[in-house]
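Thanks, everyone. I have one model to go through today, and I will keep to the contacts and the pairing. Please have the structure open while I talk.

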Amino acid sequence: MIRRELQLLAILGLLIAALSLWIGYGEAWSQNGEAGAPKRNPNYLERNPFYFEGKVDYELLGIEQPVDAWEFMQRGIHRQDDLEDREGAIQDYRAAIERNNPENGTCQIVKTLPSTTLEFQQLTPAPCLFTPRLRLGYLLLHEDTLQAIELFRQVTDIDPQRLEVNALIGEAYELLGDQASDPEDKEALYLQAVGALNAELALSPVTELTRRLTGDEANNAHAHWNLARIQEKLNNLPEALLALDQYLKATRWHSDVYPWRIPLAQRRMERLRARPGPSSGQ
Amino acid sequence: MQAQRPVGNPHQPSLRPQPYQRAEACLPCHRRQVDELRSSVKSGYRSVSSVFNALELSGNFLSGGRLRPVYGDSDKITAIDVTGVAGQGKPLNTNMNSADAFTHINQVQAAFCIGCHAPHIVLMGEDPEQREIPELEGVGGKFRPDLIRPLRDYHFVDSSNRQILPEKIGGPPPPGARPSLGAQGINCDVCHDITAPDLDRSPNRDGLANSSFELIPTISKIGPFLFPAPVKDNFHVASRDPDQIGYLRSSDFCGSCHDVRVPGDGSGSLTHREISLNPESRSVSLFRLENLNTEWMTGPYNSTRNPFGRVIRCQDCHMSLFPYGQESTYRVGELEVTSPTPGQFPLNFAAVPGVSTDRNYPLQQRQVVTHYMTGVDVPILRTDELRARLGQDYPDVDEPGTDEYGIPLSLAQRREDLLKAAVRIDLDKSDRTAQLGRPLTVKVTAVALTGHRFPAGFSQERTAYVQLSIRDNRGFLLYQSGYVVDKPHPEVGEMAPDGNLDDEDPEHLHAVVDPGHPAAVYRVGQFTNGHRNQVFQSGPDNGPDARIFFGRPSGLVLWRNELTRVFLPGESLGRFNEQGDPIRLTRPHMEETFSAVLANSVDNYRSLPPLRPRTYAYEVVLPTREELQLLGVEELESPLRVQAQVNFLHFPPLFLRFMARTTSAEGPGGRDYHLIDEKLIDDLLVNVRAIASADLTIDLEAP
């Protein structure tokens, strides 16, 4: 009898708990006004329809356990930047990408937009995120370079205009080229690197308007610096000379974080010009 | 937090109305407060500021004049109604300040800038006889960019207090002109006539943002004291309402303006769903421009979990002796910090004894606030022009001397001292040894000691960054970040370097913003009105994007929030490819923009969070021995010397150049508004260097 009463009390307790939850849910719902309304934490940035791709200070988010792609991305950033937990960050970025993956239908490469405002705001499936792909790719650059390239390629598909992604692809191919033992493979990989760096340069070309507004004759000093190095590895000396010349032009009004590279580029040009052979550009 | 948050709707006025007074009316009894307030940028300077006026103009160029106030006698209608359907407009005769509650976006846009910078002037404008800022004749497609005047044109009166205008649009002050009431900006009456938060006009029904206060000009002035002295001749009465007094003393009072939510066409921010929570305005979406109060509200100063063990309000730093009082030493994470203590107030009379009280009622000295309200801004306007527009007694930004408390009279000095109290850095987590040709990791740990993020306010333009260099013991420069280069700026006619480094942006990004151009037929939007990036390239010190999106530990550490435009497929990026064709997008593309009006997203998390140390690594590669030999350098001399410092720019030069061009004859108005030019930037933009610094030596070891 007592057991039965206890069971009834337990059921009643559960019902009350469920009712409280429902009431609380209803209250939150009515505060927010409608389904899918923003959470009350002003630092929790609900997508609309794109994700906020930056870093929110994780302490402000109030996430106990990430459940979706954006939350895993945020925790991954926190682990990588604030806790220096590389492995934890890799796990979280993988979890974010798994939950934001065009292959399993959890995200889309946005090519056209829905015709109504409501459909646009809800944009289903969600847009594919670029930040976890870039961050995971960068972390894997040396240990799984091919996967890094694949991740960077996904980003160029998501946003072909995003700067510096092609430069990283170039960096990755150069790494592969350095590791390749077969000369033909090596050359092919270096050429892929050159192609990627040229694609990077093409995203912010120096046009007539640019020259008129800035006085710059070249831009993107680091892409040219890297190009010069790869062209030298390919023994393409005129191209290497050209890249160094562009590097010098690009640094004319902007210097470099490694300022000693500027006189070094001049010395390298002198040395390249002094090299014998038909491809020395002389 | 809850204890000081006023709830409920505002009180109705019960005392007789009193017109808004000029500060001079308060001066005989409150001389100290008026003098202090005059050198605050919010009072006077902002109204005539070149940057504020240019920004407001440029916003109108893009939006079709929608940032100007409309009034109750307007015959305008909204272009888009609450359901988002075009062509079903409703009367648009209320603005951001006058609406009881917002029902459509155009109400929030109308008076959007001036509504916080001079709310009383907007409210007075309901009476055509007192209207200082007229309504534009045409807005939207009927807007005439060639006819709009900068707001500061309206801030002149003659000796009879009648409004007079410069002869030419944007021209010099007319002869005999005196500053109008509006020229004083936020003066005494604005704050001391605010009776309560206005929940119905605040986006989140919390009385925060976009001047969501109840401003009622009566003889009742709200001060900070529960037991005020009787005022002489009843010029005014001092409120004894504890709710009103409590509100004035709270951070929420400041938060009613110091969060700025920009109403967005359609979705608002495309990366953050945020709608107005007011029952009647749920179709009004928003994005957060100024997020200062929210930063404070969700930060450690709005709790007892801070080094001082009590809530630190805005007034405790910006209306106290701070940073000129005593100092405190405390730990933040692993850092031991000594910095000025907030919340120290001077003892003084709140009014001048002998002249201010009824029947010479004796005054007692009490803890009083200062009214300098120093922040990170100083005028970018020459003193002679400030005085021509605001009166010959307008204080010099570099005025020598100190006040009775030892606080510098110079606003520039106060600003610099405040900045120096805002942040600390150290290099202790860096590598202690290095080898040629090998990576070296230098780590800068930084902490903001502010009640909000640093920088805050218009934090998408306020710029703090780490300048870091590594040299060998002989001075050979191995690495630099946060450096600037003297260069030409042909876009504003500066064809050669001018020898000035204060007008240069750090080298993470090269951008030139399109100023727009005059057009035979005006169209709302980007078509001829500029705002997109004509030039947008990564620089060699591109730390911000590398660190945030790639997780790459290199390049500039920049604490500046970012306005972003999410361009959508089919949109034009506003610049050209190598073939000279306009770049049209096939995919969404997010790009930094320097225009708050063009932005449809904002990243308010790039600034430094308060009291949470952050560590930034720089993975640096040292030159190889072979490279050094090629350079003719025999060897580097140990130790390597790392020097890091935090610098502050209150506007990015490239942003000011955009403002200069868009308000010149080159821009959509087709005329020079005489607001900003390269010379003004060269003469007055100051890079405040080394507000915090740290040094370290690293041993160079043989491989």
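Let me start with one residue pair in chain B: Ala446(B) stands opposite Arg614(B), which belongs to E26(B). Before I go further, note that this is a predicted model.

That residue pair sits in a longer pairing. Strand E15 of chain B, residues 439-448, runs antiparallel to E26(B), and the two are joined over 8 bridges. The sheet they belong to is open, with 3 strands in the order E13-E15-E26 of chain B and antiparallel pairing. Strand E13 (423-426) and strand E26 (614-621) of chain B each have a single partner strand, so they form the edges, and one side of each is left without a neighbour in the sheet. On average, neighbouring strands here are turned by 25 degrees against each other, direction ignored.

Chain B has another sheet to look at. Which order do its strands take? The order is E24-E21-E25, again in chain B, and these 3 strands make an open sheet with antiparallel pairing. The edge positions go to strand E24 (589-592) and strand E25 (601-603) of chain B; each has a single partner strand, so one side of each lacks a neighbour in the sheet. One residue pair to find on screen is Thr564(B), whose bridge partner in E24(B) is Glu592(B).

Now chain A, and a pair of helices. Helix H2 of chain A, residues 69-82, crosses H5(A) at roughly 35 degrees, and the axes come within 10 Å. What is the handedness of the crossing of H2(A) and H5(A)? That crossing is left-handed. On the H2(A) side the contact is made by Met73(A), Gly76(A) and Gln80(A), and on the H5(A) side by Thr131(A), Pro132(A) and Arg135(A). Sorted by class, the contact of H2(A) with H5(A) has 2 nonpolar, 3 polar and 1 charged residues.

Last, the interface between the chains. Here 64 residues of chain A are in contact with 66 residues of chain B.

Terms used: Residues are numbered from 1 along each chain as its sequence is written. Chains are lettered from A and ligands numbered from 1 in the order in which they are written. This is a predicted model: local features need pLDDT of at least 70, side-chain atom pairs count only at pLDDT 80 or more; totals for chains, interfaces and linings use all residues. Two residues are in contact if their C-beta atoms, placed from the backbone, lie within 7 Å. Two strands pair if DSSP finds at least two bridges between them. Helices (H or I, at least four residues) and strands (E, at least two) are DSSP runs, numbered from the N terminus. Axes are lines fitted to C-alpha atoms, for helices over the stretch in contact, and angles run from 0 to 180 degrees between N-to-C directions. A crossing is left-handed if the near helix is turned anticlockwise from the far one by less than a right angle, and right-handed if clockwise. Ala, Val, Leu, Ile, Met, Phe, Trp, Tyr, Cys and Pro count as nonpolar, Asp, Glu, Lys and Arg as charged, and the others, Gly among them, as polar.
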